[in-house]
Amino acid sequence: MASMTAAWVESPLQLLGALEHAHATGDELAVVPRSGDAQLERTAAHLADRRAFGTGDAHIALDRRVMPARLFRAGGDWLIGDAYSGQVQWRLERAEPQTVTLVDDGAITRRLAQQLQAAEPLLRPNPPRAGSALRRELAARTTRLLRRLAREGRLRVTTFLAPSDPAVVALRDLGAIITCHRFDATRQKGLRAQQVPDGARIVLGSAAVADRLVDPQREIGRLRALARESAIAYLPHRREPQWFLAALQREPEMLVVPAALPIELALAGTPRALHIIAPISTAAETLPVVLRGTGSIVLLQPPVPERAR
(Lines give C-alpha, C1' and ligand atoms only; values in the text may rest on other atoms or scores of the structure.)
Protein backbone atom coordinates (compact mmCIF):
# COMPACT_ATOMS: atom_id res chain seq x y z
CA MET A 1 0.00 0.00 0.00
CA ALA A 2 1.35 3.45 -0.87
CA SER A 3 2.20 5.62 2.10
CA MET A 4 -0.05 8.54 2.97
CA THR A 5 0.88 12.14 2.32
CA ALA A 6 1.11 14.09 5.57
CA ALA A 7 -0.87 17.35 5.25
CA TRP A 8 -0.41 20.34 7.58
CA VAL A 9 -3.10 23.02 7.22
CA GLU A 10 -3.55 26.25 9.18
CA SER A 11 -6.72 27.77 7.70
CA PRO A 12 -10.08 26.55 6.36
CA LEU A 13 -9.16 27.41 2.75
CA GLN A 14 -5.95 25.39 3.07
CA LEU A 15 -8.03 22.44 4.29
CA LEU A 16 -10.32 22.75 1.26
CA GLY A 17 -7.20 22.83 -0.91
CA ALA A 18 -6.10 19.54 0.67
CA LEU A 19 -9.55 18.07 0.00
CA GLU A 20 -9.39 19.14 -3.64
CA HIS A 21 -5.88 17.72 -4.00
CA ALA A 22 -7.01 14.32 -2.68
CA HIS A 23 -10.05 14.38 -4.98
CA ALA A 24 -8.06 15.36 -8.08
CA THR A 25 -5.04 13.07 -7.61
CA GLY A 26 -6.32 10.13 -5.58
CA ASP A 27 -3.60 10.68 -2.98
CA GLU A 28 -4.49 9.50 0.51
CA LEU A 29 -3.85 12.19 3.10
CA ALA A 30 -3.22 12.18 6.82
CA VAL A 31 -4.51 15.69 7.52
CA VAL A 32 -3.32 17.57 10.60
CA PRO A 33 -5.09 20.92 11.08
CA ARG A 34 -3.33 23.32 13.42
CA SER A 35 -5.46 23.85 16.52
CA GLY A 36 -6.57 27.22 17.82
CA ASP A 37 -8.87 28.24 14.94
CA ALA A 38 -12.49 27.37 15.74
CA GLN A 39 -13.68 27.56 12.12
CA LEU A 40 -10.83 25.34 10.95
CA GLU A 41 -11.68 22.74 13.59
CA ARG A 42 -15.38 22.82 12.66
CA THR A 43 -14.48 22.45 8.98
CA ALA A 44 -12.25 19.47 9.75
CA ALA A 45 -15.05 17.86 11.78
CA HIS A 46 -17.57 18.52 8.97
CA LEU A 47 -15.33 16.83 6.40
CA ALA A 48 -14.41 13.96 8.74
CA ASP A 49 -18.11 13.25 9.39
CA ARG A 50 -18.63 12.97 5.64
CA ARG A 51 -15.53 10.78 5.16
CA ALA A 52 -14.18 13.34 2.73
CA PHE A 53 -10.64 11.92 2.83
CA GLY A 54 -11.43 8.21 2.58
CA THR A 55 -13.84 5.50 3.54
CA GLY A 56 -11.60 3.70 6.02
CA ASP A 57 -10.16 5.10 9.21
CA ALA A 58 -10.54 8.82 9.87
CA HIS A 59 -7.57 10.57 8.34
CA ILE A 60 -8.00 13.88 10.15
CA ALA A 61 -6.36 14.64 13.49
CA LEU A 62 -7.22 17.63 15.68
CA ASP A 63 -5.64 19.68 18.46
CA ARG A 64 -2.11 19.86 17.13
CA ARG A 65 -0.21 23.07 17.68
CA VAL A 66 3.04 21.85 16.15
CA MET A 67 3.86 19.71 13.13
CA PRO A 68 4.31 16.14 14.43
CA ALA A 69 7.79 14.91 13.50
CA ARG A 70 6.64 11.31 13.14
CA LEU A 71 4.41 12.36 10.21
CA PHE A 72 6.52 15.15 8.74
CA ARG A 73 9.70 13.13 8.49
CA ALA A 74 12.63 13.14 6.09
CA GLY A 75 11.88 11.26 2.91
CA GLY A 76 8.12 11.49 3.33
CA ASP A 77 5.49 13.13 1.15
CA TRP A 78 4.22 16.41 2.60
CA LEU A 79 1.33 18.73 1.76
CA ILE A 80 1.49 22.21 3.26
CA GLY A 81 -0.89 25.13 3.06
CA ASP A 82 1.36 27.98 4.13
CA ALA A 83 4.93 28.03 2.88
CA TYR A 84 5.41 31.31 4.79
CA SER A 85 4.72 29.69 8.16
CA GLY A 86 7.70 29.82 10.48
CA GLN A 87 6.78 26.38 11.76
CA VAL A 88 6.73 24.94 8.22
CA GLN A 89 10.02 26.57 7.31
CA TRP A 90 11.67 25.34 10.50
CA ARG A 91 10.47 21.78 9.88
CA LEU A 92 11.78 21.90 6.30
CA GLU A 93 15.13 22.97 7.76
CA ARG A 94 15.20 19.89 9.99
CA ALA A 95 13.91 17.25 7.54
CA GLU A 96 13.83 17.21 3.74
CA PRO A 97 10.73 15.49 2.34
CA GLN A 98 10.68 13.39 -0.79
CA THR A 99 7.95 15.58 -2.25
CA VAL A 100 6.17 18.79 -1.23
CA THR A 101 2.69 19.72 -2.39
CA LEU A 102 1.56 23.34 -1.95
CA VAL A 103 -2.14 24.27 -1.82
CA ASP A 104 -3.74 27.70 -1.88
CA ASP A 105 -3.66 30.02 1.10
CA GLY A 106 -5.62 32.72 -0.66
CA ALA A 107 -4.21 35.30 -3.02
CA ILE A 108 -0.77 34.96 -1.44
CA THR A 109 -0.23 32.04 -3.84
CA ARG A 110 0.58 34.70 -6.42
CA ARG A 111 3.16 36.34 -4.15
CA LEU A 112 4.71 32.95 -3.47
CA ALA A 113 5.09 32.29 -7.20
CA GLN A 114 6.70 35.70 -7.74
CA GLN A 115 9.18 35.20 -4.90
CA LEU A 116 10.12 31.69 -5.95
CA GLN A 117 10.62 32.89 -9.52
CA ALA A 118 12.82 35.75 -8.31
CA ALA A 119 14.66 33.52 -5.78
CA GLU A 120 13.64 35.86 -2.96
CA PRO A 121 13.20 34.74 0.68
CA LEU A 122 9.67 33.53 1.39
CA LEU A 123 8.57 36.30 3.74
CA ARG A 124 5.11 37.78 4.05
CA PRO A 125 4.59 41.49 3.40
CA ASN A 126 5.74 43.60 6.36
CA PRO A 127 7.25 40.78 8.43
CA PRO A 128 7.90 41.46 12.15
CA ARG A 129 11.34 42.83 12.96
CA ALA A 130 11.96 40.52 15.92
CA GLY A 131 14.66 38.03 14.96
CA SER A 132 14.58 39.46 11.45
CA ALA A 133 18.05 38.30 10.37
CA LEU A 134 17.44 34.72 11.50
CA ARG A 135 13.93 34.72 10.04
CA ARG A 136 15.16 36.02 6.70
CA GLU A 137 17.86 33.36 6.50
CA LEU A 138 15.33 30.62 7.24
CA ALA A 139 13.01 32.02 4.56
CA ALA A 140 15.88 32.15 2.05
CA ARG A 141 16.73 28.51 2.73
CA THR A 142 13.09 27.55 2.18
CA THR A 143 13.15 29.33 -1.18
CA ARG A 144 16.30 27.49 -2.22
CA LEU A 145 14.85 24.14 -1.17
CA LEU A 146 11.53 24.62 -2.98
CA ARG A 147 13.28 25.81 -6.15
CA ARG A 148 15.52 22.72 -6.08
CA LEU A 149 12.54 20.41 -5.48
CA ALA A 150 10.81 22.05 -8.47
CA ARG A 151 13.84 21.45 -10.70
CA GLU A 152 13.91 17.81 -9.58
CA GLY A 153 10.19 17.26 -10.24
CA ARG A 154 9.47 16.93 -6.52
CA LEU A 155 7.35 20.08 -6.02
CA ARG A 156 3.63 19.93 -6.76
CA VAL A 157 1.08 22.73 -6.59
CA THR A 158 -2.69 22.23 -6.42
CA THR A 159 -4.58 25.47 -7.00
CA PHE A 160 -7.94 26.94 -7.99
CA LEU A 161 -6.10 29.46 -10.21
CA ALA A 162 -6.55 28.96 -13.94
CA PRO A 163 -3.79 27.23 -15.94
CA SER A 164 -3.15 30.52 -17.77
CA ASP A 165 -2.76 32.57 -14.56
CA PRO A 166 0.73 34.17 -14.49
CA ALA A 167 1.41 32.60 -11.08
CA VAL A 168 0.64 29.12 -12.43
CA VAL A 169 2.79 29.74 -15.50
CA ALA A 170 5.70 30.92 -13.32
CA LEU A 171 5.50 27.88 -11.06
CA ARG A 172 5.32 25.54 -14.05
CA ASP A 173 8.36 27.23 -15.59
CA LEU A 174 10.28 26.49 -12.38
CA GLY A 175 9.48 22.80 -12.84
CA ALA A 176 6.55 22.45 -10.45
CA ILE A 177 3.87 19.88 -11.32
CA ILE A 178 0.56 21.75 -11.40
CA THR A 179 -2.95 20.46 -10.69
CA CYS A 180 -5.74 22.99 -11.28
CA HIS A 181 -9.05 22.20 -9.59
CA ARG A 182 -12.56 23.66 -9.83
CA PHE A 183 -13.77 22.96 -6.24
CA ASP A 184 -15.58 19.80 -7.39
CA ALA A 185 -15.08 18.02 -4.05
CA THR A 186 -16.11 21.11 -2.10
CA ARG A 187 -19.42 21.20 -4.00
CA GLN A 188 -20.06 17.56 -3.08
CA LYS A 189 -19.58 18.29 0.65
CA GLY A 190 -21.10 21.81 0.73
CA LEU A 191 -24.09 23.10 2.69
CA ARG A 192 -25.88 24.39 -0.44
CA ALA A 193 -26.59 27.86 1.05
CA GLN A 194 -29.23 26.30 3.30
CA GLN A 195 -29.13 29.16 5.82
CA VAL A 196 -29.60 31.89 3.22
CA PRO A 197 -33.27 32.87 2.69
CA ASP A 198 -34.58 32.86 -0.85
CA GLY A 199 -34.36 36.30 -2.43
CA ALA A 200 -31.87 37.75 0.08
CA ARG A 201 -28.72 39.32 -1.22
CA ILE A 202 -25.57 37.95 0.41
CA VAL A 203 -23.05 40.41 1.82
CA LEU A 204 -19.69 38.97 2.82
CA GLY A 205 -17.95 40.34 5.88
CA SER A 206 -14.29 41.24 6.18
CA ALA A 207 -11.65 41.66 8.86
CA ALA A 208 -11.64 45.45 8.37
CA VAL A 209 -13.39 46.19 11.67
CA ALA A 210 -11.26 43.67 13.60
CA ASP A 211 -8.11 45.18 12.08
CA ARG A 212 -9.31 48.73 12.84
CA LEU A 213 -9.16 49.72 9.19
CA VAL A 214 -12.69 51.13 9.14
CA ASP A 215 -14.90 52.89 11.67
CA PRO A 216 -17.50 50.37 12.94
CA GLN A 217 -20.36 52.89 12.87
CA ARG A 218 -19.51 53.86 9.33
CA GLU A 219 -19.53 50.19 8.32
CA ILE A 220 -22.89 49.63 10.04
CA GLY A 221 -24.25 52.63 8.15
CA ARG A 222 -23.06 51.19 4.83
CA LEU A 223 -24.72 47.84 5.57
CA ARG A 224 -27.90 49.57 6.79
CA ALA A 225 -28.14 51.38 3.44
CA LEU A 226 -27.82 48.07 1.58
CA ALA A 227 -30.53 46.52 3.75
CA ARG A 228 -32.89 49.41 2.97
CA GLU A 229 -32.67 48.47 -0.72
CA SER A 230 -33.54 44.79 -0.07
CA ALA A 231 -33.12 42.16 2.62
CA ILE A 232 -29.56 40.93 3.07
CA ALA A 233 -27.96 37.87 4.61
CA TYR A 234 -24.68 38.91 6.19
CA LEU A 235 -22.04 36.17 6.23
CA PRO A 236 -19.31 37.32 8.63
CA HIS A 237 -15.57 36.94 8.32
CA ARG A 238 -14.31 34.48 10.90
CA ARG A 239 -12.41 37.24 12.74
CA GLU A 240 -15.24 39.75 13.06
CA PRO A 241 -15.90 40.68 16.72
CA GLN A 242 -19.10 39.49 18.39
CA TRP A 243 -20.10 42.98 19.55
CA PHE A 244 -20.09 44.14 15.92
CA LEU A 245 -22.22 41.18 14.78
CA ALA A 246 -24.63 41.76 17.69
CA ALA A 247 -25.12 45.35 16.48
CA LEU A 248 -25.90 44.08 12.97
CA GLN A 249 -28.42 41.57 14.31
CA ARG A 250 -30.49 44.43 15.71
CA GLU A 251 -30.92 45.87 12.23
CA PRO A 252 -34.23 45.10 10.45
CA GLU A 253 -34.00 43.37 7.07
CA MET A 254 -30.55 42.01 8.00
CA LEU A 255 -29.94 38.36 8.90
CA VAL A 256 -26.51 37.50 10.31
CA VAL A 257 -25.63 33.93 9.34
CA PRO A 258 -23.03 32.46 11.75
CA ALA A 259 -19.61 31.84 10.18
CA ALA A 260 -19.51 28.18 11.17
CA LEU A 261 -17.75 27.06 7.99
CA PRO A 262 -15.75 28.87 5.28
CA ILE A 263 -17.91 30.72 2.78
CA GLU A 264 -16.91 28.39 -0.06
CA LEU A 265 -18.21 25.35 1.86
CA ALA A 266 -21.30 27.15 3.18
CA LEU A 267 -22.52 28.03 -0.33
CA ALA A 268 -21.10 25.15 -2.37
CA GLY A 269 -23.54 22.80 -4.03
CA THR A 270 -26.47 25.21 -4.17
CA PRO A 271 -28.57 25.05 -7.36
CA ARG A 272 -29.82 28.62 -6.74
CA ALA A 273 -28.54 31.74 -8.44
CA LEU A 274 -27.08 33.83 -5.63
CA HIS A 275 -26.46 37.58 -5.61
CA ILE A 276 -23.28 38.24 -3.61
CA ILE A 277 -21.53 41.46 -2.65
CA ALA A 278 -17.94 40.73 -1.66
CA PRO A 279 -14.99 42.82 -0.51
CA ILE A 280 -11.76 42.57 -2.48
CA SER A 281 -10.60 39.25 -1.08
CA THR A 282 -9.84 35.65 -1.90
CA ALA A 283 -13.57 34.82 -1.68
CA ALA A 284 -14.25 37.22 -4.56
CA GLU A 285 -12.05 34.92 -6.69
CA THR A 286 -13.03 31.53 -5.29
CA LEU A 287 -16.81 31.94 -5.28
CA PRO A 288 -17.25 32.36 -9.05
CA VAL A 289 -15.45 29.02 -9.40
CA VAL A 290 -17.41 27.34 -6.59
CA LEU A 291 -20.77 28.60 -7.94
CA ARG A 292 -20.14 28.21 -11.65
CA GLY A 293 -23.13 27.02 -13.62
CA THR A 294 -25.69 28.39 -11.13
CA GLY A 295 -26.11 31.84 -12.65
CA SER A 296 -24.77 33.46 -9.47
CA ILE A 297 -23.35 36.99 -9.52
CA VAL A 298 -20.41 38.14 -7.39
CA LEU A 299 -20.08 41.92 -7.25
CA LEU A 300 -17.03 43.62 -5.77
CA GLN A 301 -17.63 46.05 -2.93
CA PRO A 302 -15.54 49.24 -3.26
CA PRO A 303 -12.54 49.28 -0.91
CA VAL A 304 -13.38 50.64 2.54
CA PRO A 305 -11.66 53.93 3.34
CA GLU A 306 -9.02 53.59 6.04
CA ARG A 307 -10.07 54.75 9.46
CA ALA A 308 -8.67 58.11 10.47
CA ARG A 309 -6.03 57.74 13.19
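Author: Before we start, a definition: two strands count as paired if DSSP finds at least two bridges between them. And keep in mind that this is a predicted model.

Reader: What is the order of the strands in the open sheet?

Author: The sheet is open and has 5 strands, with parallel pairing. The twist averages 25 degrees from one strand to the next. Reading across, the order is β9-β8-β7-β10-β11.

Reader: Which are the edge strands?

Author: Look for strands that pair on one side only. That picks out residues 254-256 and 297-300, so to name the edge strands by the pairing rule: β9 and β11.

Reader: Over how many bridges do β10 and β11 pair?

Author: Strand β10 covers residues 275-278, and its pairing with β11 is in the parallel sense. Across that pair, Ile277 stands opposite Leu299 in β11. The number of bridges is 4.

Reader: Which strands does α9 touch where it packs on the sheet?

Author: Helix α9 spans residues 242-249. Its direction makes about 145 degrees with that of β9. The strands touched are β8 (232-235) and β9.

Reader: Is the crossing of α8 and α9 left-handed or right-handed?

Author: Helix α8 is residues 216-229, and its axis comes within 11 Å of that of α9. The two axes cross at roughly 35 degrees. As for the hand, the crossing is right-handed.

Reader: How many residues of the contact of α8 with α9 are nonpolar?

Author: From α8 come Pro216, Glu219, Ile220 and Leu223, and from α9 Trp243, Phe244, Ala247 and Leu248. Of these contact residues, 1 is charged and none is polar. The nonpolar ones number 7.

Definitions and conventions:
Residues numbered from 1 in each chain as written. Predicted model: local features only at pLDDT ≥ 70, side-chain atom pairs only at ≥ 80, totals over all residues. Heavy atoms only, no water. Axes fitted to C-alpha atoms, helices over the stretch in contact; angles between N-to-C directions. Helix = DSSP H or I, 4+ residues; strand = E, 2+ residues; numbered from the N terminus. Left-handed = near helix turned anticlockwise from the far one by under 90°. Contact = heavy atoms within 4.5 Å. Nonpolar A, V, L, I, M, F, W, Y, C, P; charged D, E, K, R; others polar.
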